[in-house]
Amino acid sequence: MTEVSPAQHGIWINERAGAWSAYHLPLVIRFGAPVDEGALAKAVAALVERHPLLGAAFEERDGLPVLVPAAEPPFLSLEEVEGPFDLATGPLVRFALTGDELRVEAHHAVFDGQSKEVLVADLMALYSGEVLPPLAPLASRETPLEEARAFWASRWRAPEDVVVPGGVLRSRSAGPGRVLEFALDVPAIAGLTRFEVLLAALHAVLFSYGNAAPVTAIDLSTRTPAEEGRIGPFVNELPVFSRPAEGAPFAEFAAALRAELREVYRHRRVPLARAVAGLRPHAALAPVSVSYRRGGADDTVEWLAFNQAVRGALQLQLLDRPTGLIASLRYDPVEVTDPERIVADLRDRLSGELSRPLSTTRAPLALAPAPVVAGRDRPVEGDSLLAGITAIWEEVLQLSPIEPHDDIFDLGGHSLTITQIIARMRKRLDVEVDLDDFFDNPTIAGVIGVIRQ
C-alpha cells in the first residue's frame with residue numbers, strides 16, 4: 001500500500017465524477033515488420049516489473065485513495081479493449097497488438113506525456129533483448145506549500161467565460177471531443193523560447209476576441225533528474241494569467257508573459273488545489289489549456305493519438321519535434337463551433353505579421369454575478385447530527401472546537417480532507433453528501449442543511 005500524490009488524488013476525484021476517456025493517454029507503435037508475439041509479451045511483462053505503477057490500482061480507505069496491486073497485471077492482448085479504466089481494480093494500462101501495430105493506452109493517474117517516450121524506449125529495448133540497468137530509488141522531496149500559497153494569493157482568480165468566434169467557452173469538465181491536427185511555424189524572437197512565443201500568440205488571439213484578461217491552464221513537468229527515466233504522472237497543471245494592452249507591441253507583451261511564466265515555474269510542484277483555499281475540483285483549471293513537450297523523434301510512433309475526449313472546452317497539445325512543431329487541437333464541439341477560425345487566427349498571429357500590435361475587435365464579456373452560497377448564516381439546532389458531524393470535522397482537521405459556521409477552507413481544509421469527512425459521515429452517520437454540495441456549503445451548518453433537504 002502506497003499513499004498517492006496530490007496530483008493523483010485530484011485525478012482520482014475527477015475520475016469518480018465521470019471523466020469519459022479524457023484521462024486516457026494513448027500512443028500507437030508501428031513495427032513495420034512481423035512481430036514476435038512471445039518476445040513482445042515478455043517485454044511487456046518486464047516493462048511492468050520495471051515500472052510497477054503500471055500494475056497498480058486505487059483503493060479507497062477511509063475516504064483516501066491508496067495505491068495497491070491491480071487485480072491482475074497488464075499483459076499483451078491480441079485484440080483491442082475499449083471502455084473506461086476501472087481505477088479500483090486496475091490495471092491502468094493496456095497493450096493491444098493488431099498485425100504490426102501496437103496500441104498502448106494508459107491512465108493519467110499513472111502516466112504523463114513524457115512517460116510515452118520512456119515507455120517506447122524501454123519496451124523496444126526489452127523487446128530486442130537488452131538488459132536495462134535498475135532504476136535508482138526515488139528520494140523524498142519537500143513541497144514548498146507556504147510559498148505557493150503566498151504567490152497565488154495575489155494572482156488567482158476564477159477563470160471567466162472565454163469569448164471565441166461563434167460562442168462562449170465555459171466548460172471545465174471532461175466530455176466527448178473532436179480534434180484538428182496541423183503543423184505550426186513559430187518564428188524566433190530574441191530571448192524567448194518557441195513555447196513562450198506560441199503561448200503569447202494564443203493569449204493575443206484570445207485578447208483579439210474581446211477577452212480583456214486571458215487565462216490558459218498549462219501542463220508543467222515536475223520531474224527531477226532522478227525521475228527522467230521513470231513512468232508516472234510527473235506533471236502539474238497551473239494557470240497563466242495575462243493583461244494585454246490595446247496597441248502594445250507583441251514582442252513587449254510576449255516578454256512580460258515570459259516573466260510571469262518564470263514566476264509560475266517556481267511553484268510547479270504544488271497543485272493549485274493545495275495552494276488556493278476552496279478550489280473546487282475540475283477536470284481543467286480553465287476552459288482553454290495548453291500542453292507542450294519536446295521529443296517524439298521516432299516517426300514509427302503516433303505520439304498524439306486522440307482519446308476521443310477533451311478536458312475543458314479547448315485543449316491545444318503541442319509536440320515540438322526536430323522536424324517541426326505539431327499541434328493537436330482537442331475541443332468540445334458544443335462550445336467550439338468554429339475551430340478552424342481559431343487555428344487560422346493563431347497561424348495568422350504567428351505569421352510574418354508577428355510585429356502587429358495587439359488589438360481587440362469585440363466587446364469584452366460581462367462578468368457573471370457571484371454565486372449565492374447557502375448555509376453560512378442559517379441557525380443550527382443542537383442535535384445528534386450536529387454533534388456527530390462536528391466530531392468528524394474536528395477529528396479529520398485536528399482542530400477543536402469547530403463552530404457550525406466555520407468555513408472548512410478557512411480552517412485549512414481542501415479536497416483531500418473533504419473526501420475523508422464525506423467517507424466518515426457515510427460510514428458512521430449513514431448520510432451522503434456530494435463533493436459539489438460540500439464545496440457549495442463548506443460549513444457544518446451548510447452540510448446539515450444539504451442533508452435535511
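This is a predicted model: local features need pLDDT of at least 70, side-chain atom pairs count only at pLDDT 80 or more; totals for chains, interfaces and linings use all residues.
Helix α12 itself covers residues 444-452, and it is mostly covered, with seven of its nine residues buried. The buried ones are I444, A445, G446, V447, I448, G449 and V450.

One of these, V447, also turns up among the contacts of M425. Leaving aside residues up to four places away in sequence, M425 touches I389, I392, D430, V431, V433, F438 and V447.

That brings me to the cores. M425 belongs to the largest nonpolar core, which has 71 residues. Where are the most contacts inside that core? They are made by F58, F95, L102, L123, W393, M425 and F438. Helix α9, residues 384-397, gives the most to this core, with seven residues. There is also a second, separate core, of 64 residues. Among its members are F151, V164, F253 and A313.

Now the chain as a whole. The protein chain has twelve helices and 18 strands. Its radius of gyration is 23 Å, close to the 22 Å that the globule rule gives for 453 residues, so the chain is as compact as a globular protein of that length. Along the principal axes, the C-alpha atoms fill a box of roughly 75 × 60 × 40 Å.

On burial, 53% of the 453 residues count as buried. The accessible surface comes to about 20,700 Å², and carbon and sulfur atoms account for 53% of that surface.

On contacts, take those between residues at least 6 apart in sequence: 74% of them join residues at least 24 apart.

On charge, the chain carries 43 positive and 62 negative side chains. The centres of the two sets lie 4 Å apart.

Is V334 buried or exposed? The cut-off for exposed is over 50% relative accessible area. V334 has a relative accessible area of 69%, so V334 is exposed.

Terms used. Residues are numbered from 1 along each chain as its sequence is written. Side-chain values use heavy atoms; hydrogens and water are left out. Helices (H or I, at least four residues) and strands (E, at least two) are DSSP runs, numbered from the N terminus. The radius of gyration is taken over C-alpha atoms; the globule rule is 2.2 Å times the number of residues to the power 0.38. Buried means under 20% relative accessible area, exposed over 50%, partly exposed in between (1.4 Å probe, protein chains only). Contact means heavy atoms within 4.5 Å. Accessible areas come from the Shrake-Rupley method with a 1.4 Å probe; for residues, only the protein chains shown count as cover. Lys and Arg count as positive and Asp and Glu as negative; His and the chain ends are not counted. The place of a charge is taken as NZ of Lys, CZ of Arg, CG of Asp or CD of Glu. A nonpolar core is a set of buried Ala, Val, Leu, Ile, Met, Phe, Trp, Tyr and Cys residues joined through side-chain atoms within 4.5 Å.
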